[in-house]
Each structure stands twice: as structure tokens, then as C-alpha cells.
Amino acid sequence: MTKGTHSPVHVVGGGLAGSEASWQLARAGVPVILHEMRGVRGTDAHKGDGLAELVCSNSFRSDDATANAVGVIHAEMRLAGSLIMACADKHQVPAGGALAVDRDGFSDAVTKAIEEHPLITVVREEVAGLPPADWGLTIFATGPLTSASLASAIQAETGKDSLAFFDAIAPIVHRDSIDMDICWYQSRYDKVGPGGNGKDYINCPLDKEQYDAFVDALIAGDTVGFKEWEGTPYFDGCLPIEVMAERGRETLRHGPMKPMGLTNAHNPTVKAYAVVQLRQDNALGTLYNMVGFQTKLKYGAQAEIFRMIPGLQNAEFARLGGLHRNTYIHSPTLLDHTLRLKSRPTLRFAGQITGCEGYVESAAIGLLAGRFAAAERTGQEISTPPATTALGSLLNHITAGHLVSEDEPGRRSFQPMNINFGLFPELELGSIVKPEGVKRFRGKDKTIMKRQLMARRALQDCAHWLGVNLPASDCAGVEISVEA
């Protein structure tokens, strides 16, 4: 690697996103000053001072690049020379089809690669506010536990409603897994809101017996306890669905499951006892949000209980619900398509603070922020990944892919998301062809083929974007050097 001849880019935060952004900048010959406060000041979640410390699970989830969106983004990051993926691969531990790592070995490897790179300087200090003008290009990758002082500075720059400190997440369902022979499209009282047509929700009807069974299951469901550092952030605007159920058997029928103003298109003469509504969650129309269904149920319990709802018996979830401490900005209104802050274009944001979820997704956005900043610093044209790629679809979700909830003013419509095929553009018509000799081709078999085609398209388009050759293994075993 040649010595950089450019002025440095500052990166604030030495987690997965900040480490990856720094690596991508250095690979492009751009000097980096990486600011990390751990070593001077700790957090409530981290245990040590190493870079890219994993504070929760040691799993990077599925490594299947042929039919799993997480595996696809793994493969794309390997193609792009990701440090995080290289170190994860070198410190993998047995986990079936998942990529799990020895967390200490992984963090040590990332730390060593960063500290030994001649173009990266690690400074152990807390950055308590936005940088001075003479810093120039800066990437903020401070994660979901951004310090209070820095969060206040970000709010002062972007506006009081720009930052969320508490995340109330409702499950999101893949549209093509909803049974429309049971469900129907209709807005309550056929209301036509801004941009709507009176049929803006998918409605799932329950009779009294189904409703009672559902409430019983919610109350008995296994929930996740709060960690000490999260506090107990319940407030009436976003109570967990199971807490509402505990407050009285009829509470949900007069809350998120009220049936008023809705007529079952399949059975107009019979009034539903309760109705679950799903609202379109992304501009592509591939994902639907379960309105008012934020929850602290454990994931297994969520899937089992929510599939009790008629029409969702075969539901596939792009994201399950939760409530937790999570600092993130309202990226679609604040950032441009290259992750720059619109009000101050010398600043970029990366990682979980942008509104992505998960280790891999955070690192992926760090990878993009680093590449974009490197191109800007070296005077090259910034090229964003195609929307058909995992990297591009995640970037689109963060910067442009969500829909504003016009009928619920004041409610935050943008929420963090893991990578999933619901963020990818649909395949072209005719892409899915029934295999020869198969009479009935639908359901699970069709879904698998659809995902395989999306994965193949993503990897091909990513390789073209990067200007590299796609390995015959579809990147499953790409070797990446972490030598400085």
C-alpha cells in the first residue's frame, strides 16, 4: 500500500462500521484518524477496549449466498474487500450454516489490522460534539449507544425530532406470504389519505373465539426482560402488545385491533370481532408493518403467536418486533444518497446510527461510507451500488425507501431494519419459470426459486459495480488479505 498524499478523513467510533469505514479509506490510499472513546471512557454494554467488539451474539447469521439475503450481503462485502468479513472468516467457529466467530479473536484481529495499517491513526478520546470545520470530511459511526453529549450535538444540528433514543418496533411481514383469500385491502371508513386510495391497509379478521385465543396466547407468551442499562421505557404511545392485553381482555379491540369502519370483502354480511391491520412499509410494496404490534415477546413466541392471526398463518417475517434502547437518526430526511448530512455535507453517518440493524448491516454501511468518502477525497465520481444488490437495497432503505405515515402525524415512520429480500426490487416479469414436469409451482418452492434468482442477480450486479470477477463459488469462500 502506498503512502497517502491526501488530507485525512476523521472517523468517529471504532465499532464494526467505523473500523470498516477506516479500512476502506486506507485501502484507497486516504489517511484516516479513527477516534474511539473506549480506553478513556467505557459504555454500559462494552466490556473491553478492542475495536469491533461484539456486545451481544457472536453470530453474523446465515452465510448462504444462494438464497439468503444475509448471506448475499456477506458475499458482496467479501467482493468489496471487507475487513470485517475477512476477520470473521479467519476466526469462524462451528455454527451450522451460520457464520459465527470467536468474539475475542475477531476483535483482536480487527484491532491489529487497523492499528498496524500505516495510513490509520487511532486516537483514544471522546468526541463530545460535532467536529470543527478544519476536520473536513468526517464519518460518524457511533452506534446505538452514542454518548449523550454527542447525541445532543447531533440534535442541535438536525432538529429535536431527528434522533430516536428508544425504539418501539412492530413486526414486518413479506407481502407475498399474506393469504389474500382471507385478508382484504381497505382503509378504515374507506378514508382516502394523502397518496392513498381508500385501500391502503391489509386487514386480517378475527372472530370472538380466535380473538380470545390470541389474547390468551399473548398473555402467556415468553417475553424478553430489559437489560439494566435499557431501563423500562414503556409509555402509553408504544405499549407492548402483550402489556395492552394484560390490561383487559377488550383493550386490543379498542386499540390496534379495533374492527370499526371495516367490511370484510370476502364476507360483507359478517362483522369481524377484531381486525389486525398491516400498512405498506416500503416504497416497493413488498413489506407490510403490523400496525401497533410492538412487542417484547421472544422471537420464537412472536412467530408462533402472530401466525394464529387469520391470513398470517404462513407469514414470513422480514423483521420481528421489539422495544429497546437505540439511538438512530431519521436518515431518509437528513442524509443524501451517499450518506452525507444534507445540512452539513462534510459529515457522513454510518452503522446503526443510520437506522440499520445487525452487525453485518452496520459494517456494510460503514463500508459504503468509507468508499464514498474515499472517492470524494480523491476527486473521483461517487458510484452507489445498484438497488438490486444487498448493499444497494440497504442503502436505499436508509436514504429513500420508507413511506411516511400521513394518517398518524407525529409518529416515527422510519425504523431500523435488517437486510432481507423485501428490500430488494421485484424480479422482472417472466423471471420465475415453472420447472419442467412440475404441475403445481407455488408456495415454498416458488419462494425459494425467487430468492435464488434475487441472490444471483444481486451478486452479478455487485460484481459489475465493483469491476471484479464473480468467483464460481459465488463468493462463499473468497480470500481477503488483511495485510497492511
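The largest nonpolar core of this predicted model has 93 residues, where a nonpolar core is a set of buried Ala, Val, Leu, Ile, Met, Phe, Trp, Tyr and Cys residues joined through side-chain atoms within 4.5 Å. Buried here means under 20% relative accessible area, exposed means over 50%, and partly exposed lies in between, with a 1.4 Å probe and protein chains only. Phe 60 and Phe 106 have the most contacts inside this core. Helix α10 (residues 359–377) gives the most to it, with 11 residues. Helices (H or I, at least four residues) and strands (E, at least two) are DSSP runs, numbered from the N terminus. Another core, of 36 residues, lies apart from the largest one and includes Ile 202, Leu 206, Tyr 288 and Leu 297.

Residues are numbered from 1 along each chain as its sequence is written. The model is predicted, so local features need pLDDT of at least 70 and side-chain atom pairs count only at pLDDT 80 or more, while totals for chains, interfaces and linings use all residues; side-chain values use heavy atoms, with hydrogens and water left out.

Phe 106 touches Ala 52, Leu 54, Phe 60, Ile 84, Cys 87, Ala 88, His 91 and Val 101, not counting residues up to four places away in sequence; a contact means heavy atoms within 4.5 Å.

Strand β5 has neighbours to consider. Two strands pair if DSSP finds at least two bridges between them. Strand β4 (residues 92–93) pairs with β5 in the antiparallel sense over two bridges, and Gln 92 has Val 101 as its bridge partner. Four residues lie between the strands of this hairpin, and Gly 96 in it takes a positive phi near 65 degrees. β3 also pairs with β5 in the antiparallel sense, over two bridges, with Ser 62 opposite Ala 98.

Most residues other than glycine have a negative phi. Tyr 189 counts as exposed because its relative accessibility is 59%, whereas Arg 61, at 27%, counts as partly exposed.

A separate region holds an open sheet of six strands in the order β10-β11-β12-β13-β9-β14, with antiparallel pairing. Its edge strands, β10 (184–185) and β14 (317–319), each pair on one side only. Helix α6 (residues 208–220) packs on the sheet, touching β11 (201–206) and β12 (274–280). Two bridges join β9 (residues 172–174) to β14, and Val 173 stands opposite Phe 317.

The structure holds zero disulfides, a disulfide being a pair of cysteine sulfur atoms within 2.5 Å. For Cys 204, the nearest cysteine sulfur, that of Cys 183, is 3.5 Å away.

Finally, confidence must be considered. The mean pLDDT, the predictor's confidence in each residue from 0 to 100, is 85 for the protein chain, and 85% of its residues reach 70 or more. Confidence is lowest in strand β8 (residues 163–169), at a mean of 62, and highest in strand β1 (residues 9–12), at 98. Over residues 228–237 the pLDDT is below 50. Where pLDDT is low, the predicted coordinates should not be read in detail.

Terms used: Axes fitted to C-alpha atoms, helices over the stretch in contact; angles between N-to-C directions.
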